[in-house]
Each structure stands twice: as structure tokens, then as C-alpha cells.
Amino acid sequence: MFYVFTSLSDEGLNLFSEHTNSIDELSPSNGKVQLFRQQAFGQICSTFFTEKEANVTCRQLGFSGGVPLVYEASETLPFLLTGVHCNGDEKRITDCYTETQICYNNQRAGVVCYNSTGITVYWNT
């Protein structure tokens, strides 16, 4: 899946699979959140990235909801959104309030998106 933007002012959002960082192997429902904004691709800091932010992200991608994940940050992509705080009813993640903060290499936001049937997460202990 490749995203085409009609102008440099467009914003877009996509997900990279957790097993790859290649645009040729995008996963449609889970992975690292990648944002196109301000004429550049970048990542979202996972600090304050809760279920509200995951739901907004996944709804923007056409799903009914989502669960937040945290990934290792890309060394080549800048953080375009930091300190993201959503009410939960926003249409786009960029509609949420943001604050400037420092993000570290283990703070890249990711999501598992789902449709109305939901998902079940099992943890091995």
C-alpha cells in the first residue's frame, strides 16, 4: 500500500508492520504509526499515547477502535507529534492537543486496530 498526497499541505497516516520497516510490507491493521505532516514523514511519541489516542488513530485509518503499543523509535524519522492528548472524539490524530516534549528511542507510538467485534489480547506470563 502506498499513499499519494495531492499537495504538500496534505496530511496522511499509515502503519508499518511490527516485523518490518519497509513501505512494501505495510500491515493494514497494526504496527508503528507513521505520519505525513509539514511536508515530511515522521513518527508519533508514545508518551501519553493511551487508548484514546489509539482509537482516534485507528478511526482515522478506517477502523472502529484500537489498542496502543510502544515501539523502538526510528533513527531516521523525526518526531512530528509529541505529548498527544485526545478527548477521544477527534477525527484525526492531528486534531488532538499536543505539547512539546523530549522523546527517547523507546517511545514510538504503535497501534493494533480492530473493527466493532473487538480483539482479545493474551499475555504469556
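Analyst: Buried means under 20% relative accessible area, exposed over 50%, and partly exposed in between (1.4 Å probe, protein chains only). Strands (E, at least two residues) are DSSP runs, numbered from the N terminus. This is a predicted model, in which local features need pLDDT of at least 70, side-chain atom pairs count only at pLDDT 80 or more, and totals for chains, interfaces and linings use all residues. Residues are numbered from 1 along each chain as its sequence is written, and side-chain values use heavy atoms, leaving out hydrogens and water.

User: What makes strand β1 mostly covered?

Analyst: In β1 (residues 12-16), five of its five residues are buried. Gly12, Asn14 and Phe16 point one way and Leu13 and Leu15 the other, and all are buried.

User: How do you know that β1 pairs with β2?

Analyst: Two strands pair if DSSP finds at least two bridges between them. Five bridges join β1 to β2 (residues 30-37), so the pair qualifies; the two run antiparallel. Asn14 has Gln34 as its bridge partner in β2.

User: Why is Gln43 called buried?

Analyst: Gln43 has 0% relative accessibility, which is under the 20% limit and therefore buried. Gln43 lies in strand β3 (residues 40-44).

User: What makes the link between the side chains of Gln43 and Arg108 a polar contact?

Analyst: The term needs a pair of N or O atoms within 3.5 Å; within protein, one must be able to donate a hydrogen and the other to accept it, and residues adjacent in sequence count only if both atoms are side-chain atoms. The side chains of Gln43 and Arg108 make such a contact at 3.4 Å.

User: Why is Gln39 called exposed?

Analyst: Its relative accessible area is 54%, over the 50% limit, so Gln39 counts as exposed. Gln39 is in the loop between β2 and β3.

Key
Helices (H or I, at least four residues) and strands (E, at least two) are DSSP runs, numbered from the N terminus.
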